[in-house]
Structures are given as C-alpha cells and as structure tokens.
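Reader: I am new to this structure. Please show me how to read it.

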Amino acid sequence: MDDLRHPDLTRRRTIVVPGAWFDVVEHEPSRYHVVAAGEIDIATAPTLRGFLRTGLREVSEGAEVVVDLARVHLLAAAGLHVLLAAAAIARSRHVALRLHPLSPAVSTILDLTDTRDEFDLEVR
C-alpha cells in the first residue's frame, strides 16, 4: 500500500478481511477511489459492496467512483455480482463507475462473462 497516493488521509479507511483488503484512497464529492486486493468472493464481496454503496451515496451527480482491481487475483461470481449491481446504481445516479486498472484475473472474468461493456474501464 505504500505506493498509493492518499490525497485525503483524514477520510481514509482500510478494512482487512481474510483473503482480501479494501482501502478508500480518495473521497471527495466528485471522486471516490477504492483499491481492492486479494480475493473477491462470497466471503469478501459484502465488504466491497459496503465500500461501493458508500461511494455511490456520497458522490455528486456526474462524479466518478473508481475501483482499482489491479491486485485482485480472484473475482468470483459474488464479486462480479457486486460490481454489476454497483454499475446499475451508478447509471441510475448519473455517476461513472470506473474499473481501472484491472488485474489479468479480473480482465479474464469480464471477458468470459461478456460483461466488460457494463463498466467504464478508463479513468478521466
């Protein structure tokens, strides 16, 4: 985690669960940035869901929620379900949900499930 930039350390929060960790590295009205690492499966997906719900609730219309998945080595069905549900909520609130960067494992799952088009994969 020492290679991450933390623009607002007062609002930063990290949660470590068996198999994964999640960290909010930027939290502003126009941008909410979450980093996930490890396995996003049935045991850890609820934690990711909580982070994304918070981000989607707290950003303003037209904002972006960025989810860094570069350190995720397993994205199971439960994790994909959380991301797809968050994308639907984001669209309804006119918020961009951006997955960037992606690990090879996440990229493969998005390709295999033909869900890549559900997400913005580039950061503004």
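**Reading the model, feature by feature**

Author: Buried means under 20% relative accessible area, exposed over 50%, and partly exposed in between, with a 1.4 Å probe and protein chains only. This is a predicted model, so local features need pLDDT of at least 70, side-chain atom pairs count only at pLDDT 80 or more, and totals for chains, interfaces and linings use all residues. Residues are numbered from 1 along each chain as its sequence is written, and side-chain values use heavy atoms, with hydrogens and water left out.

Reader: Where is phenylalanine 119 found?

Author: Phenylalanine 119 sits in the segment after helix H3 (104–112). Helices (H or I, at least four residues) and strands (E, at least two) are DSSP runs, numbered from the N terminus.

Reader: Which residues is phenylalanine 119 in contact with, leaving aside its neighbours within four places in sequence?

Author: Contact means heavy atoms within 4.5 Å. Leaving those neighbours aside, phenylalanine 119 touches Leu83, Leu84, Ala87, Leu97, Leu99 and Leu110. Histidine 100 is 19 residues from phenylalanine 119 in sequence, and their C-alpha atoms are 9.8 Å apart.

Reader: How many helices and strands are there in the protein?

Author: The protein has three helices and five strands. From the N terminus on, their order is β-β-β-α-β-α-β-α. Of the 124 residues, 46% are buried. Among contacts with a separation of 6 or more, 64% are between residues 24 or more positions apart.

Reader: How do I read two paired strands?

Author: Two strands pair if DSSP finds at least two bridges between them. Here strand S4 (residues 64–75) and strand S5 (residues 96–102) run parallel, joined by five bridges. Valine 66 has arginine 98 in S5 as its bridge partner. In a regular strand the side chains alternate between the two faces of the sheet.

Reader: Which unit do S4, helix H2 and S5 make?

Author: They make a right-handed β-α-β unit, with H2 covering residues 77–92. To judge the hand, point the strands away from you: the crossover is right-handed if the path from the first strand over the helix to the second runs clockwise.

Reader: How do I read an aromatic pair?

Author: A pair of aromatic rings is described by the distance of the centres and the angle of the planes. Rings of Phe, Tyr and Trp (its six-membered ring) pair if their centres lie within 6.5 Å; planes under 30 degrees apart count as stacked, over 60 as edge-to-face and the rest as tilted. A search of the whole structure finds one such pair. The rings of phenylalanine 22 and phenylalanine 51 have centres 5.9 Å apart and planes at 35°, so the pair is tilted. The pair links distant parts of the chain, 29 residues apart: phenylalanine 22 is in strand S2 (residues 20–28) and phenylalanine 51 in helix H1 (residues 45–58).

Reader: Are phenylalanine 22 and phenylalanine 51 buried or exposed?

Author: Both are buried. Threonine 47, also in helix H1, counts as buried at 17% relative accessibility. Leaving aside neighbours within four places in sequence, threonine 47 is in contact with Ile15, Val17 and Phe22.

Reader: And how do I read salt bridges?

Author: Side chains of opposite charge can pair when their charged atoms come close. A salt bridge is a side-chain nitrogen of Lys or Arg within 4 Å of a carboxyl oxygen of Asp or Glu. By this rule the count is six. In one of them, arginine 31 meets glutamate 64 at 2.5 Å, N to O. Arginine 31 lies in strand S3 (residues 31–40) and glutamate 64 in strand S4, so the pair ties together parts 33 residues apart in sequence. Arginine 31 and glutamate 64 are both buried.

Reader: What are the values for the salt bridge of aspartate 111 with arginine 116?

Author: Their closest N and O atoms are 2.7 Å apart. Aspartate 111 is partly exposed, at 47% relative accessibility. Arginine 116 is partly exposed too, at 25%. Salt bridges that share partners also join Glu26, Arg31, Glu64, Arg98 and Asp120 into one network.

Reader: How do I read the confidence?

Author: pLDDT is the predictor's confidence in each residue, from 0 to 100. The protein averages 88, and 89% of the residues score at least 70. Over residues 1–10 the pLDDT is below 50, and this stretch has 17 contacts in the model beyond near neighbours in sequence. Where pLDDT is low, the predicted coordinates should not be read in detail.
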